Amino acid sequence: MSKSYIFLGLVSIIGIGFAVSFALFPSLNALVNWGLMAILLAILVILAFFFKFESMALGSKEIALVSILATFSAVLRIPFAAIPSFQPCTFLIICSGYVFGPVAGFMVGAMTPLISNFFLGQGPWTLYQMLAWGLIGYSAAYLRRFTLDRKGFIIFGIASAYIFGFLTNIYFWLYFAYPLTLNTLIFAQLSSLWLDTSHAIGNALFLGVFGVRTVAILERYKKRFNWVYS
């Protein structure tokens, strides 16, 4: 069994245990540092995919291509930082996962905030962004089963924006909300609804205009490198 599956199995068990404990024993909130626990879980998930990417034994060209896509995705994010939650990098992460598979999609998504936050500001939120964008890139790979057109990409891009917002809002809730209850979680999610909507609009625009063309370009590189879907 690969290291990645061991890590993912552990993360699933621990995550379910935390969720059950939180639901059944609210008094534990005063005793457990949920912010620290969430960071540890995020690190485990990210490490699992890094190990999986390492075990794929790709050639230098493929590794370089993933690195270039991640860097370009990070660069796309920086000029639009002045517009709240307008994230053009998401469309490239989706296209990368769609073409090159779940592991490559996760890597492009996870590396995007890690690189761009050297310019925009690193912090504990970086891990949540890495996890959220990584999972979007990962899930985009399974869209190939449906052979999406422009409309399909737009719908997925809109949904991805709200999924990204939900996951990153967990950071705000864990660190700034008190007490940690279902009501404060709902408030944390609703308070950023306009930001998530801005993200969704950006995804719809970029995927609508550039999505199909970008996928076609990446498909040519995939054939050139004889990329094995994994």
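Is threonine 184 buried or exposed? Hi everyone, let's start there. Threonine 184 counts as buried because its relative accessibility is 17%, and buried here means under 20% relative accessible area, exposed means over 50%, and partly exposed is in between, with a 1.4 Å probe and protein chains only.

A word on the model before going on. It is a predicted one, where local features need pLDDT of at least 70 and side-chain atom pairs count only at pLDDT 80 or more, while totals for chains, interfaces and linings use all residues. Residues are numbered from 1 along each chain as its sequence is written, and side-chain values use heavy atoms, with hydrogens and water left out.

Now the overall picture. The protein chain has 9 helices and 0 strands; helices are DSSP runs of H or I with at least four residues, strands are E runs of at least two, and both are numbered from the N terminus. Of the chain's 230 residues, 45% count as buried.

Back to our threonine. Threonine 184 sits in helix H8.

Ile158, Tyr162, Leu182, Ile186, Leu190 and Leu193 make a nonpolar patch of about 540 Å². For the patch, residues need over 30% relative accessible area and no salt bridge, with nonpolar side chains (Val, Leu, Ile, Met, Phe, Trp, Tyr) joined within 5 Å and like charges within 9 Å. A salt bridge is a side-chain nitrogen of Lys or Arg within 4 Å of a carboxyl oxygen of Asp or Glu. Areas come from the Shrake-Rupley method with a 1.4 Å probe, and for residues only the protein chains shown count as cover. H8 (182–191) and H7 (150–176) each supply at least two residues of the patch, and H8 has the largest share, with 3 residues. Tyrosine 162 belongs to H7 and is partly exposed, because its relative accessible area is 32%.

So which helix gives the most to the lining of the second largest pocket? That is H7, with 6 residues. A pocket is an open set of points on a 1 Å grid over the protein atoms alone, where a 1.4 Å probe fits, with protein on both sides within 12 Å along at least five of seven lines; lining residues have an atom within 4 Å of a point. This pocket is lined by 26 residues, and nearest its centre lie Ser85, Gln87, Gln129, Phe164 and Thr168. Thanks, everyone!
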